[in-house]
Amino acid sequence: MRQVIIVGSGPAAYTAAIYAARADLAPLVIASSVEFGGELMKTTEVENFPGFPEGIMGPELMTKMQEQAERFGAELVYDDVTKLELEGEIKRVHLGSGEVHEALAVIYATGSAYRKLGLADEERLSGYGVSWCATCDGAFFRQKKVAVVGGGDSALEEATFLTRFADTVYLVHRREELRASKAMQERAFADPKIEFLWNQEVAHIYGDEKVTGMGLVSTVDGTETTKDLDGLFVAIGADPRTHLVHGQLELAPEGTVAVRGRSSMTNLEGVFAAGDVVDPSYKQAITAAGSGCVAALDAERYLSELPAELLARAAGTAPQPQPASA
Ligand code: NAP
């Protein structure tokens, strides 16, 4: 049995792991089988994480956080959690491999998952021109025409990145005002390869074997238009990954895991939540990291109040049962 298991591998999970490991809690981090490192693995340059004045590439930042956690004794498992049993003093974490790990505390930091447009052809053409990751797929669109859907920081970041490869990048937004930060907006407005299509929604994605175009509908007067395209990048935000805790953890009205005040405490004793999965508003790498720190400190305090016998079992220092003497 472990003292603490951390589910997730983004900035919140790794920061929680760094703090928990430094507090000698020997955390086990379930980092997922394919998507470890979280959303920053799919971004390009991160310019706003303090301590990196020249900027740092998202994947490099995550690798550094992981190394920092491992340096202090965090143990990583690259597997997916299939089921969580969070009630009671001893929590159980079931993995895809069939293994079941036990712990006295769980930090749930699973982040959020990309939203979909909900169009019939979106799924079918996923990987054939429809993508959620410019960093992953942008290079396939050299001298091509692509579109990015969305008006937030992600959409503008994707659009700006795609101008390295594509000749034309349409930015399709359903309003005429962007949600993205001023700095991102200014960079995109100054880029001659980005063409803004305001007050438009994508109603169709065309193409048999790969994307060949999109059908747009005006949100102002319903006018329909089409554009030829080679690629369509969806960047319309993300939803918290709460599926593993439905029916166990209380959710906030926004769909995130509900925590008490500024703490990471959920409705269940010994279960803490951190990062994008609790945050409907800020969703920054640095705020996720901060909330991971809070979760580790909360978990540490919780554990310090548990009976010594339980803690000794979790730390592997409990006296072993002795064989009966003859
Ligand atoms: P977001 O801020 O929630 O923006 C989502 C955008 O997609 C909005 O413009 C929204 O339109 C649009 N949208 C939502 N659903 C739609 C639909 N069904 N059809 C068409 N458009 C739709 O999400 P985000 O851009 O992924 O950013 C999430 C968070 O991460 C933000 O806090 C952001 O600041 C942060 N972030 C930061 C950076 C950075 O600082 N480098 C980079 C990326 C993300 P409306 O505006 O009309 O609602």
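1. Strand 14 and strand 15 (residues 213–218) are joined by six bridges and pair in the antiparallel sense. Strands here are DSSP runs of E with at least two residues, helices are runs of H or I with at least four residues, and both are numbered from the N terminus. Two strands count as paired if DSSP finds at least two bridges between them.

2. The model is predicted, so a basis in confidence applies: local features need pLDDT of at least 70, side-chain atom pairs count only at pLDDT 80 or more, and totals for chains, interfaces and linings use all residues. Residues are numbered from 1 along each chain as its sequence is written, and side-chain values use heavy atoms, with hydrogens and water left out.

3. Strand 15 also pairs with strand 16, through five bridges and in an antiparallel manner. Here G213 has D228 of strand 16 as its bridge partner. The hairpin of strand 15 and strand 16 has five residues between the strands, and G222 takes a positive phi near 75° in this hairpin.

4. Together these strands form an open, antiparallel sheet of three strands in the order 14-15-16. Strand 14 (200–206) and strand 16 (224–228) each have a single partner strand and stand at the edges, so one side of each has no neighbour in the sheet. From one strand to the next, the twist averages 30°; angles run from 0 to 180 degrees between the N-to-C directions of axes fitted to C-alpha atoms.

5. Buried means under 20% relative accessible area, with a 1.4 Å probe and protein chains only. Of the 326 residues of the protein chain, 49% are buried. The chain has eight helices and 19 strands.

6. The ligand has 18 residues around it, of which D153, S154, R174, R175 and R179 come nearest.

7. Polar contacts are pairs of N or O atoms within 3.5 Å. A polar side-chain atom of S154 is 2.6 Å from an oxygen atom of the ligand, and a polar side-chain atom of R179 lies 2.7 Å from an oxygen atom of the ligand. The protein covers 78% of the 910 Å² of accessible area that the ligand has on its own, by the Shrake-Rupley method with a 1.4 Å probe.

How values were computed
Near = heavy atom within 4 Å. Polar contact = N/O pair within 3.5 Å; in protein donor to acceptor, adjacent residues only side chain to side chain. Buried < 20%, exposed > 50% of the residue type's maximum accessible area, 1.4 Å probe, protein only.
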